[in-house]
Amino acid sequence: MSTLELRLDPDRVLADLRELAARTGGPAGARRLAWTADWAAARDFLLERLAELPVTVDRDEAGNLWADLPGERAGFVIVGSHIDAVPSGGWLDGSLGVMTALETLRAIAASGAAPPVGVRLVDWADEEGARFGRSLIGSSACAGTLRPDDLRALRDADGTVQADAMAEHGVDADEIGRVRGRLDGALAYLELHIEQGPVLLGHGWPAAAVSGTVGDERHVVTFTGEAAHAGSTPMATRRDPVAAAARATLAIREVGIAHGGVCTVGALRADPGVVTAIAGSCELLLDQRHLDPETLAAMLADATSACEDAAREFGCEVRPERIFSAAPTPFHPELVAAARTAVADAGGGDHEPVPSGPLHDATEIGRLVPTAMVFAQSDPPISHTAVEDSPEFALRIAIDAFGRTAATAIALAAAGRLTPPDGARHPDPPSTDPARPSDSSSTAA
């Protein structure tokens with residue numbers, strides 16, 4: 001099997017990233033919130049760069065942006081990520097993968113020869129879910145796990161319905177099912193991303209292959225008690241939903257510790273939420289993640305029990321509703337091995353692949369298409385904030401490793417060596433636990 005010679009230029013990737021940051025945020029943080037004018041402006045920058053290449057550019061029914069570089073034979077390898085960002089987010093989250101995918105097309109086009117199979121860049125629409133609370137919009141539409149009704153149920157902090165915001169950008173929610181055919185002929189999917197956490201930094205690794213993404217369960221749990229005056233209601237007779245939610249929050253923390261996973265209560269929202277009144281209701285926003293699906297299910301059961309116990313203790317009723325779920329997604333073993341070798345060859349050291357706690361578009365696509373990811377070290381080890389950053393040497397190694405991984409993936413795909421994940425198929429859209437309306441919560445990936 002001959003491998004395509006593919007060496008990316010980190011200088012060009014970093015220059016593109018810095019110009020994008022200057023145009024869409026600067027030191028105050030990214031302004032690339034999906035379904036806004038700022039997001040459209042960021043895409044305009046990408047389109048300017050793509051116009052310099054011999055590619056066909058189009059947008060699908062879910063708002064994903066594609067650029068196709070044809071190959072010698074049928075089938076294609078997808079490279080990409082997302083250009084949208086959380087409000088005042090970082091300069092690398094998502095955009096690193098998109099600009100490296102752009103450089104991948106540049107490098108192949110500069111060779112003057114068609115690749116063995118096609119290569120397609122994708123900028124997935126609304127990966128973050130930061131405005132309406134539902135992550136992975138474009139990729140889940142492609143994977144067949146998104147329903148049009150989900151988009152009519154979600155609202156932003158101003159009350160705008162997600163389907164209406166999408167329509168302002170030329171996307172009809174009723175047509176998103178048609179996007180599922182975009183993966184027909186896809187032979188592999190590759191994504192470069194910053195880690196967004198402390199593992200690589202703690203080990204001193206500039207980059208790493210990713211073994212897969214964890215499963216995720218997100219719920220809003222509503223505690224309902226009895227609204228009353230804060231001054232005239234004795235403590236012993238109160239049915240306080242905020243107290244119940246607070247008790248449940250501490251118990252849920254212990255659930256995560258006990259199972260070796262993570263449990264996060266992102267917000268407690270009381271109604272009416274004034275200092276002189278006992279609330280009548282309180283919403284608890286819950287996120288739970290684990291690599292093992294059975295353990296994730298056990299964590300959810302334990303968290304639900306903790307909420308029920310807390311509700312009884314404080315004389316309240318409780319009702320949990322799922323707003324999002326994702327099964328653990330292991331990545332393709334041969335591609336993960338290729339990414340591991342690529343990291344080592346790029347100077348990043350040879351070490352075990354790491355799992356991803358955050359979700360990515362690769363979570364959805366990896367169920368259907370052979371998938372791999374490369375992580376770049378985050379330092380500070382945080383994301384979704386304006387101070388997000390990675391050392392330049394780590395970015396250079398990760399970009400180099402991605403190019404090497406892409407070259408191997410293209411060769412493997414051309415040789416027919418990549419088989420889809422076990423049981424891969426386009427699933428029917430989910431029919432249980434529809435997403436509920438959300439006002440200001442961010443359930444970004």
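This note covers helix packing and salt bridges in the structure above.

1. Basis. This is a predicted model, in which local features need pLDDT of at least 70, side-chain atom pairs count only at pLDDT 80 or more, and totals for chains, interfaces and linings use all residues. Residues are numbered from 1 along each chain as its sequence is written, and side-chain values use heavy atoms, with hydrogens and water left out.

2. Helix α1 against helix α3. Helix α1 spans residues 10–23 and helix α3 residues 95–110. Helices here are DSSP runs (H or I, at least four residues), strands likewise (E, at least two), numbered from the N terminus. The two axes come within 9 Å and cross at roughly 135°. Axes are lines fitted to C-alpha atoms, for helices over the stretch in contact, with angles from 0 to 180 degrees between N-to-C directions. α1 and α3 are therefore oblique to each other. The scale is this: under 35 degrees is roughly parallel, over 145 roughly antiparallel, 65 to 115 roughly perpendicular, and the rest oblique. The crossing of α1 and α3 is right-handed (the near helix is turned clockwise from the far one by less than a right angle).

3. Who touches whom in that pair. From α1 come Arg12, Val13, Asp16, Leu17 and Leu20. They meet Ser95, Leu96, Met99, Thr100, Leu102, Glu103 and Arg106 in α3. Contact means heavy atoms within 4.5 Å. By class, the α1 contact with α3 has six nonpolar, two polar and four charged residues. Ala, Val, Leu, Ile, Met, Phe, Trp, Tyr, Cys and Pro count as nonpolar; Asp, Glu, Lys and Arg as charged; the others, Gly among them, as polar.

4. Helix α3 against helix α12. These axes come within 11 Å and cross at roughly 55°. That makes α3 oblique to α12. The crossing of α3 and α12 is right-handed. Leu96, Thr100, Thr104 and Ile108 in α3 meet Leu395, Ile399, Phe402, Ala406 and Ile410 in α12. The residues of this contact divide into seven nonpolar, two polar and no charged.

5. The structure holds 36 salt bridges (a side-chain nitrogen of Lys or Arg within 4 Å of a carboxyl oxygen of Asp or Glu). One of them joins Arg396 and Asp11, at 2.5 Å from N to O. Arg396 lies in helix α12 (residues 392–414) and Asp11 in helix α1, so the pair ties together parts 385 residues apart in sequence. Arg396 counts as partly exposed at 28% relative accessibility. Asp11 is also partly exposed, at 44%. Buried means under 20% relative accessible area, exposed over 50%, and partly exposed in between (1.4 Å probe, protein chains only).

6. A buried pair. Arg43 forms a salt bridge with Asp123, with the closest N and O atoms 2.7 Å apart. Arg43 sits in helix α2 (residues 37–50) and Asp123 in strand β4 (residues 117–123), 80 residues apart. Both Arg43 and Asp123 are buried.

7. Arg404 and Asp400 form a salt bridge, their closest N and O atoms being 2.9 Å apart. Being four residues apart in helix α12, they are separated by about one helical turn. Asp400 counts as buried, at 19% relative accessibility. Elsewhere, salt bridges that share partners join Asp9, Arg12, Asp16, Glu19, Arg23, Glu48, Arg49, Glu103 and Arg106 into one network.

8. Ala41. Ala41 lies in helix α2. Ala41 is partly exposed, with a relative accessible area of 38%. Ala41 and Thr24 are 17 residues apart in sequence and 7.8 Å apart in space, C-alpha to C-alpha.
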